[in-house]
Amino acid sequence: MKHCIRSLISSFYLFVLLCSFNPVSAATTNEIETVFNWAESSFPELFPNHQATQMIDPWAFRFYPSTGVYAGVKNNDVFVLGGPWGTESPTFVGTLPDVLAQIQGSGGNGTVPACRDTAGIPPDMVITQSGNVVNITTNGQCILIPDTGNTNFCEPPAPVEPTGISILSTFNITTFQTTGIIIDLPGIPNPFDSLAQNTSSCIINAPVDATNLVVNSDICFDMTNQLSTIPSGFGITINPPVTVSTVSSSTSQQVPDCFATDAGSIFDAFTGETWVNLNGNFVSSTGLGTSF
């Protein structure tokens with residue numbers, strides 16, 4: 001019983017870390033997002049206001065209502081339609097590999113400025129940024145976590161020196177849902193219940209650009225593997241697959257001192273240190289594992 005609870009709590013903290021995210025293949029999806037993101041940042045007069053990527057087989061596309069322009073990819077070819085290109089038929093821009101090569105050659109890369117490195121994100125997770133708005137999605141899929149030791153999918157860029165800027169981010173949960181697991185342990189709170197509540201986190205030595213950052217997420221994770229060691233019984237019923245999905249949005253504001261806030265966690269972008277709020281006291285994450 002003690003082992004079951006410990007495993008359940010470990011899975012709960014894993015999902016907390018994960019939440020700090022069709023016809024198109026996973027690798028191709030990231031390449032398509034790179035092209036669309038680059039178009040938005042390089043030609044905002046044609047592709048203004050970040051739009052979500054839509055999938056209608058065999059197309060992956062974004063539509064920009066204010067300009068009437070479509071950007072699309074079909075069978076590894078890139079097209080545009082509307083605006084200066086007219087609406088009679090899609091205009092061929094180039095093959096996806098050629099366009100990606102042009103982006104790299106022009107000094108662009110379609111990456112996310114708010115994130116230190118997105119190379120390690122799961123294949124079916126997509127992170128994009130337009131202006132001060134970051135969007136994280138798993139495109140309606142519940143994805144597996146390939147490496148539970150690497151769950152920081154969008155850490156803020158590490159400053160070359162301390163910035164002295166502290167940023168408090170407030171997370172507002174719009175929807176939260178679990179499937180495949182029922183927890184009813186007498187006298188023990190359901191650990192997943194707290195995930196449906198609004199939370200906050202704080203960054204010490206945050207990048208200057210993080211001051212007014214907005215992060216929207218629509219993600220679902222398949223937690224079946226993480227919970228596979230927990231047998232049904234003792235108030236826990238598991239009927240795989242076990243999934244956890246959430247839709248949320250976060251806003252950021254500068255504060256004098258992260259340790260004077262009620263944030264659920266604190267992260268130092270310069271040193272990499274992390275603290276977790278336990279009953280009003282901030283405890284270093286290096287010692288958190290010994291608590292269970």
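This is a predicted model: local features need pLDDT of at least 70, side-chain atom pairs count only at pLDDT 80 or more; totals for chains, interfaces and linings use all residues.
A cis peptide bond joins Pro240 to Pro241, with omega at about 0 degrees. Another cis bond links Asp57 and Pro58, and here omega is about 10 degrees; Pro58 sits in the loop between E1 and E2. As background, most peptide bonds are trans.

Leaving aside neighbours within four places in sequence, Asp222 touches Cys142, Ile143, Leu144, Pro241, Val242 and Thr243. Asp222 belongs to strand E10, which covers residues 214–222. With a relative accessibility of 15%, Asp222 falls under the 20% limit and therefore counts as buried. Its side chain makes a polar contact of 2.6 Å with the side chain of Thr224.

Strand E11, which spans residues 236–255, holds Thr246 as well. Thr246 is buried, at a relative accessible area of 4%. A polar atom of the Thr246 side chain lies 3.4 Å from the backbone oxygen of Thr175.

Stepping back to the whole chain, the protein has three helices and 14 strands. Of its 292 residues, 40% are buried. The chain exposes about 14,900 Å², and carbon and sulfur atoms supply 53% of that area. The average pLDDT is 77, and 76% of the residues score at least 70. Some care is welcome with residues 1–27: pLDDT stays under 50 there, and the model has 63 contacts beyond four places in sequence for this stretch.

Which residues form the salt bridge in this structure? The structure holds one such bridge, and it pairs Glu40 with Arg62, whose closest N and O atoms are 2.9 Å apart. Glu40 lies in helix H2 and Arg62 in strand E2, so the bridge ties together parts that are 22 residues apart in sequence. Both ends are buried: Glu40 has a relative accessible area of 6%, while the value for Arg62 is 0%.

In the pair of Phe47 and Tyr64, the ring centres are 5.3 Å apart and the planes meet at 70 degrees, so the arrangement is edge-to-face. Phe47 lies in the loop between helix H2 (26–42) and strand E1 (54–56), and Tyr64 is in strand E2 (residues 59–64), so this pair ties together parts 17 residues apart in sequence. Phe47 and Tyr64 are both buried, and together with Trp85 they form one aromatic cluster.

Most residues other than glycine have a negative phi. Asn76, however, has a positive phi near 70 degrees. It is found in the loop between strand E3 (69–74) and strand E4 (77–81), and at 37% relative accessibility Asn76 counts as partly exposed. Asn279 likewise has a positive phi, near 55 degrees. Its place is the loop between strand E13 (274–278) and strand E14 (281–284). Is Asn279 buried or exposed? Its relative accessibility is 80%, and Asn279 therefore counts as exposed.

Conventions. Residues are numbered from 1 along each chain as its sequence is written. Side-chain values use heavy atoms; hydrogens and water are left out. pLDDT is the predictor's confidence in each residue, from 0 to 100. Contact means heavy atoms within 4.5 Å. Rings of Phe, Tyr and Trp (its six-membered ring) pair if their centres lie within 6.5 Å; planes under 30 degrees apart count as stacked, over 60 as edge-to-face and the rest as tilted. Helices (H or I, at least four residues) and strands (E, at least two) are DSSP runs, numbered from the N terminus. Buried means under 20% relative accessible area, exposed over 50%, partly exposed in between (1.4 Å probe, protein chains only). Accessible areas come from the Shrake-Rupley method with a 1.4 Å probe; for residues, only the protein chains shown count as cover. A polar contact is a pair of N or O atoms within 3.5 Å; within protein, one must be able to donate a hydrogen and the other to accept it, and residues adjacent in sequence count only if both atoms are side-chain atoms. A salt bridge is a side-chain nitrogen of Lys or Arg within 4 Å of a carboxyl oxygen of Asp or Glu.
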